[in-house]
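Please keep the sequence and the structure in view while reading.

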Amino acid sequence: MAEPIRIPALSDNYVWLLPHGDGRAAVIDPATADPVLAAAGAAGLSITHILNTHWHPDHVGGNLAIKAATGCTVIGPAREAARIPGLDLAVDDGDRVEMSSLVADVLFVGAHTAGHIAYHFAEAGLLFPGDTLFAMGCGRLFEGTADDMFAALSRLKGLPADTRVCCAHEYTLSNARFAITVEPENRALAARMASVEAARAKGQPTVPFRLREELETNPFVRARDVEELGARRRAKDAF
Ligand code: ZN
Ligand code: FE
């Protein structure tokens with residue numbers, strides 16, 4: 001039942017529609033409203049909640065229109081409350097979000113933005129990290145430091161390895177091209193690169209993926225210390 005529905009939006013965003021029982025669903029990071037309302041209608045789901053991970057417009061752009069159309073409750077990061085349109089409930093690290101059959105733990109992962117949070121549905125085995133963790137990548141450090149990102153990724157990589165990660169962008173191929181320059185000898189990475197290239201050549205998505213894959217192939221998750229993470233992030237920014 002907790003099978004997330006992936007909705008492509010804008011150029012490379014993924015918005016997630018998460019059914020939580022009795023024909024109801026939550027939306028995670030609606031970049032825009034129209035494709036989300038259309039997908040919910042097609043699936044016969046009514047939207048009860050919006051969950052935002054951070055304030056960037058490609059994550060909250062659909063908030064007001066979806067709220068107006070559905071009357072849903074908007075939940076978002078307390079440390080960015082002033083920048084979340086239509087916010088009803090501000091949450092922070094350690095809070096729990098309950099929606100009928102599903103429960104999420106809120107994890108503070110500030111780095112990409114200073115107040116960024118992630119939603120971890122432990123029982124469902126799902127993680128919505130927004131722009132903190134991508135397949136073979138991590139978010140740019142717009143507001144935080146390498147220290148912050150190291151702390152955030154350390155936190156996420158401690159979750160169960162079979163967790164399915166529903167990130168907010170299809171950045172996988174460019175991330176893979178960078179990752180292979182960092183670890184050219186990594187055989188798991190080479191294999192993943194090949195499968196990602198094949199998928200993208202057919203226009204197929206590469207998200208969600210398992211956290212285990214990141215432990216094996218993501219150069220940011222695999223960075224041994226803050227300095228290594230920072231150097232890799234700077235190199236990726238210039239890649
Ligand atoms: Zn962002
Ligand atoms: Fe984004």
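Predicted model: local features only at pLDDT ≥ 70, side-chain atom pairs only at ≥ 80, totals over all residues.

Glu214 and Arg192 are both buried, a term that means under 20% relative accessible area, whereas exposed means over 50% and partly exposed lies in between (1.4 Å probe, protein chains only). Residues are numbered from 1 along each chain as its sequence is written, chains are lettered from A and ligands numbered from 1 in the order in which they are written, and side-chain values use heavy atoms, with hydrogens and water left out.

Side chains of opposite charge can pair when their charged atoms come close. The side chains of Glu214 and Arg192 form a salt bridge, at 2.6 Å from N to O; the term requires a side-chain nitrogen of Lys or Arg within 4 Å of a carboxyl oxygen of Asp or Glu. This pair links distant parts of the chain, since Glu214 lies in helix 7 (residues 211-217) and Arg192 in helix 6 (residues 187-201), 22 residues apart. Helices (H or I, at least four residues) and strands (E, at least two) are DSSP runs, numbered from the N terminus.

By this rule, the model has 14 salt bridges. One of them joins Lys67 and Asp88, at 2.9 Å from N to O. Lys67 belongs to helix 3 (residues 63-70), and Asp88 to the loop between strand 5 (73-77) and strand 6 (89-91). Lys67 is partly exposed at 24% relative accessibility, and Asp88 is partly exposed at 44%. Arg140, Arg233 and Asp237 are linked in a network of salt bridges.

Asp105 also forms a salt bridge, with Arg96, the closest N and O atoms being 3.1 Å apart. Arg96 counts as exposed because its relative accessibility is 54%, while Asp105, at 22%, counts as partly exposed. Asp105 leads on to Ala118, for Asp105 is among the residues in contact with Ala118 (heavy atoms within 4.5 Å), leaving aside neighbours within four places in sequence. Ala118 is found in strand 9 (residues 117-121) and is buried, with a relative accessible area of 0%.

Another buried residue is Asn175, with a relative accessible area of 4%. Asn175 sits in helix 5 (residues 172-182).
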